[in-house]
Amino acid sequence: QVQLVESGGGLVQAGGSLRLSCAASGRTFGAYVMAWFRQAPGKEREFVAAISRGGSMTYYKDSVKGRFTISRDNAKNMVYLQMSSAAPEDTAVYYCAASPRSPTSRLENMYDFWGQGTQVTVSS
């Protein structure tokens, strides 16, 4: 129903900022709850942030709260993750995900559609 393509990953110094983008195809983008997950080497994939269909509600992993901001522009079929005060522990492959169901969730199995991932590396 929807294809997702992430971009914006790369190398950033600790304390720096980076903005990840997720471009979605399809004409029903506004019907999807959107989220970002990440997977670091040797670790399980974990929830990072989620945003409701209209963008009014957001949820974050505790360790990124206050540093990362998820947003969406439904007119452009775009979701963003603004990463500020980046830390080495943020190093991971970041994935954009879409869910056709409510509620806005932290649970990976609620999301049916996934992007290919984009690498973020934060150096000390």
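Two strands pair if DSSP finds at least two bridges between them; strands (E, at least two residues) and helices (H or I, at least four) are DSSP runs, numbered from the N terminus. This is a predicted model, in which local features need pLDDT of at least 70, side-chain atom pairs count only at pLDDT 80 or more, and totals for chains, interfaces and linings use all residues. Residues are numbered from 1 along each chain as its sequence is written, and side-chain values use heavy atoms, with hydrogens and water left out.

Q: Which are the edge strands of the open sheet?
A: The open sheet has four strands in the order β1-β3-β8-β7, with antiparallel pairing. An edge strand pairs on one side only, which here applies to β1 (4-7) and β7 (68-73).

Q: Is Thr91 buried or exposed?
A: Thr91 lies in the loop between β8 (78-83) and β9 (92-99). Buried means under 20% relative accessible area, exposed over 50%, and partly exposed in between (1.4 Å probe, protein chains only). Because its relative accessibility is 19%, Thr91 counts as buried.

Q: Which residue's backbone nitrogen does the side chain of Thr91 reach?
A: Leaving aside neighbours within four places in sequence, the residues in contact with Thr91 (heavy atoms within 4.5 Å) include Gln119, Val120 and Thr121. The side chain of Thr91 reaches, at 2.9 Å, the backbone nitrogen of Val122.

Notes:
Polar contact = N/O pair within 3.5 Å; in protein donor to acceptor, adjacent residues only side chain to side chain.
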